[in-house]
Amino acid sequence: MKYYFSFLLCVVALIYTDAMEAAEKLIDHYPEAKNSGCMKCHADIELIRESGSEMLEQIMKQGKEIGDPAGCVVCHGGDPKAAEKEAAHTFDKFYPDPGSPWINENTCGKCHPQHCEVQWRSLMMTEAGKIQGVAWSFGSLTGYEHKWANYAVKNPTDPNERLGSNVYRKYMERLKKMEPNVFVDRHVALPEAPTDISKIKDDPTLAAFTYIRQECQRCHHAVKGRQKRGDYRGMGCSSCHVPYSNEGFYEGDDKTINREEAGHCLVHSIQGTREAKVTVHEKQYSGIPVETCTTCHDRGKRIGVSFQGLMETAYNAPFAADGSDQPKLHSKHYIAMEQDIHYIKGMTCQDCHTSIDVHSDGFLAGANLAAVQIECADCHGTPDKFPWELPLGFMDEFEESPADGSPRGLTKQLNSHTAQGTIYEPEEGYLLTARGNPYGNVVKKGEDIIVHTANGKDLTMKPLKTLKKHNKISDRGIVAMSTVSKHMNRMECYTCHASWAPQCYGCHVKIDYTNPEKCPEQQTKSDPKVKAITAALKKSKKENFDWVAAGRKHMDPEHAADRGESSYDVMIPGKISETRSYLRWEKPMLGVNGEGRITPLAPGCQPSVTIIGEDGKPILVNHVFRTMAGAEGSGDEGQLALDMSPVQPHTMTKNARSCESCHASEKALGYGIDGARNLRRLDETIIIDIETIDGEILPEKTRPQFQKIENMDTDWSRIVSEDGKQLMTVGHHFTLSRPLNNKERAMMSRAGACTACHQELPKENLATSFLHHVAKYTGQLPDDPHKHATLIHKIVLLAAWVQIGAVIIIPVMFIGCVVWFKKRKRNKKQA
């Protein structure tokens, strides 16, 4: 009997579970959908949006109007009356990926025309900053101008077409005048990669286009991108708004979708706003997961994976459960690091970054700093001002002085282009970005700030001014942010609050154009051994995929609706390999960014380039290009085209880096890790073998262990010399980006501060010796950091009062004595 009841319970549970799963099937909510030909195969597919949502209702209504009661053709096109797959998936009007930018004006654009129109001018489409960066490192091919993009594109002629508030439009017009090389009016299509490799011998900079097209451009929205673990995604709108797991497998209920083939979305659902609920194995989430963003943001500045607490490494440990290597993610191995505090609190990228940051405002911006309108102070304020008390442009000045002006205030008016997102109650008003647009998810409530996250959390945050008022900021924090006001006026918040930053020093790039058919061995084809070698070499011709050409192939109407590019024959000569000199994460160096603020720096594009010709022989070996003459503090010879890039690491913590990590650090000043003293010169060849005491190598048959790097008369981590000579470029996008100048480094450096006291302690001076002995025998020696700091504090106060006494009290006493003496003398005469 016991087993019988257990059996009944199991049956009931299964029926209930099936009912739960079936509750979100299209035909259960819309019975008429079964009359669509699509449902003959896809009856079990999950809803594209949750039942009852306005979006789903609109899709079903439009579907009915065009003859598809299931609504599938509204997004996917095709023939809903066809009974066979081949007929239903008519490719001249069938869209496997409705989000693809090449066709989304017919799909997403029906309801979201503005976003589909501006996508072509978003930085995620043009990738103009990346292209300019590589062009810069190959000899500043376009100078500071952000000339090239994946596709030719230009701005609208009417400035009022820019999305955003009127205040924002006016603000951006000012920035455009300040940085015309970044806020350009048009981009020219990126040139083709060389196919006649003989030309590279005369002009090695042409290899830059091979590098850009093969290695750098796989992430732009007009292609589906690399199909490897961690990199699976859709195209265009689907890049962000359709979930893909790192493994790339479909795990929904549609039996017709291959579950063993990688490259499919996780489930057939749209992700985006708080209302858009996505169900995976009966668990629900909303918003766009961080993992969706890291599909692309894992290279370059690596801000996506850093936000998650992942730092790439050359090592493959720890081993997996089966003893194999740690699996590669985004083609890399990782170390698990401290995560950003916002990530820990449950925030995702979209909770800070606005629609304009991501989709663009419809006008071209050539670099991240140009496209992003948000600053830390927009929500946190400063210890002395609430966010709404700050002027517009605070921390976004693009000048070397803090923004001033009237308080930015709040608003209850949202921009029209965000009206289809989640609308939250404004309470006392929406906060404004540094550039004057409303944060639609961040509102003021009393002195608190409420952050409505897309994943469903409502986080209450107290601004810095409130924390200071209630003594919730540490003494060190008050000193750093209030007492030393210059910190807040000249520095980015993340300069101190970023706990680490990925730093890949030295990017050694090999571009190998070896073509077996062009090798010298081909001259003796009659030799059987050579024939065998040739047959093997033919299989190893150096070539790879051209991601820009793949995107442009979609321009052909025949390929506009293609779901990806894996079948495209767009291989071009050359094969890229990359490696590093060394990796670091701790305490990045400091410099000035394009906004004119002190910021962390991390290696940007620091290539030492090796190019192998078709014959397998080197054209260049370990070559560092130079920029145009006069750039970045250089003379006629130009500057080393190695860039140390200003970065927002996205590794924020409440606990800031220590004062000593900046004020007593050679690296922070830009002099290199430990002043670059630990590494030998890079522009000298080093041979390791048996040698005399004088360093003479004895064997004749030997090879260099370290081949010299021409031009490299500095270390990868050293950007400025102690006398102020700039040694490499610092942020090639913006006018103001640079190393710290002589005055800033002198003000910042406090190296030797310990010696200032201890040169007299404990017994070098009679007074200090006496005090030291008194402290020693009374148990008052400062034997921990707190006691030491307290002693220094007392000494500072004592010294201040003594000097005040010397300047004010002693003269007053002297004058008093003189007056008293004269008065006494006068009294004596009268007597």
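A: Start with one residue. Lys 462 is partly exposed, at 42% relative accessibility. Buried means under 20% relative accessible area, exposed over 50%, and partly exposed in between (1.4 Å probe, protein chains only). This is a predicted model: local features need pLDDT of at least 70, side-chain atom pairs count only at pLDDT 80 or more, and totals for chains, interfaces and linings use all residues. Residues are numbered from 1 along each chain as its sequence is written, and side-chain values use heavy atoms, with hydrogens and water left out.

Q: Which residue forms a salt bridge with Lys 462?

A: A salt bridge is a side-chain nitrogen of Lys or Arg within 4 Å of a carboxyl oxygen of Asp or Glu. Here the partner is Asp 448, and the closest N and O atoms are 3.0 Å apart. The pair links distant parts of the chain, 14 residues apart. Asp 448 sits in strand β10 (residues 448–452). Lys 462 lies in the loop between β11 (458–461) and α21 (464–469).

Q: How are helices and strands assigned, and how many are there in the protein?

A: Both are DSSP runs, numbered from the N terminus: helices are H or I with at least four residues, strands are E with at least two. The protein has 32 helices and 24 strands.

Q: What does Asp 44 meet in a salt bridge?

A: Lys 25 is one partner, at 3.4 Å, N to O. Asp 44 is in the loop between α3 (39–42) and α4 (54–65), and Lys 25 is in the loop between α1 (2–22) and α2 (26–29). The two are 19 residues apart. Lys 255 also forms a salt bridge with Asp 44, with the closest N and O atoms 3.6 Å apart. That pair is 211 residues apart, with Lys 255 in the loop between α13 (238–241) and β4 (278–280).

Q: Is Lys 25 buried or exposed?

A: Lys 25 counts as buried, at 18% relative accessibility. Lys 255 is exposed, at 61%. Asp 44 is partly exposed, at 25%.

Q: Which residues are linked in a network of salt bridges?

A: Glu 192, Arg 213, Asp 546 and Arg 552 are linked this way. Over the model, the count comes to 37 salt bridges.

Q: What percentage of the residues in the protein is buried?

A: Buried residues make up 47% of the 831 residues.
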